[in-house]
Amino acid sequence: MNINEKLFEHQVNRNLKGIELEKEGEIVEAILLYEANVSECFKGNLPYDRLRIIYNKLKRYEDVIRVLEQAVYVFDTKVNKIRSDRLPKLDKFNDQLEKAKRKCN
């Protein structure tokens with residue numbers, strides 16, 4: 001297993017642990033795990049979607065915008081060059097970002 005595969009496996013495990021922590025009501029701990037994946041430009045949508053939902057519930061709209069901007073960056077520059085089937089997810093992130101920006105204004 002190469003370094004990229006190990007990193008991806010670690011990130012997937014973080015996501016799974018984050019889901020588990022959310023179910024247990026440990027939101028702060030789940031946020032930390034999802035944020036770690038976002039900071040590493042995780043190429044799957046789960047941490048971005050989960051953080052958007054959590055931050056919306058907490059009314060932390062600036063964080064929603066930050067996470068969605070990162071998602072748009074990752075899906076536009078990193079993921080879609082490899083997987084064009086992810087274009088609909090990029091469109092969804094762009095739509096959610098516009099809605100979040102309207103909430104902040």
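Is Cys41 buried or exposed? In this predicted model, Cys41 comes out as buried, with a relative accessibility of 18%, because the cut-off for that class is under 20%. Cys104 lands in another class: its relative accessible area is 33%, and that makes it partly exposed. As for disulfides, the count for the structure is 0.

Turning to the helices, helix 1 covers residues 3-23 and helix 2 covers residues 27-39. Their axes approach to within 8 Å and cross at roughly 160°. Since angles over 145 degrees count as roughly antiparallel, helix 1 is roughly antiparallel to helix 2. The crossing of this pair is left-handed. On the helix 1 side, the contact is built from Gln11, Arg14, Asn15, Lys17, Gly18, Ile19, Leu21 and Glu22. Helix 2 answers with Ile27, Glu29, Ala30, Leu33, Tyr34, Ala36 and Asn37.

Leaving aside residues up to four places away in sequence, Lys89 touches Asn45, Asp49 and Phe75. Glu69 lies 20 residues from Lys89 along the chain, and the C-alpha atoms of these two residues are 13 Å apart.

Notes
Residues numbered from 1 in each chain as written. Predicted model: local features only at pLDDT ≥ 70, side-chain atom pairs only at ≥ 80, totals over all residues. Heavy atoms only, no water. Axes fitted to C-alpha atoms, helices over the stretch in contact; angles between N-to-C directions. Helix = DSSP H or I, 4+ residues; strand = E, 2+ residues; numbered from the N terminus. Parallel < 35°, antiparallel > 145°, perpendicular 65-115°, else oblique. Left-handed = near helix turned anticlockwise from the far one by under 90°. Contact = heavy atoms within 4.5 Å. Disulfide = S-S within 2.5 Å. Buried < 20%, exposed > 50% of the residue type's maximum accessible area, 1.4 Å probe, protein only.
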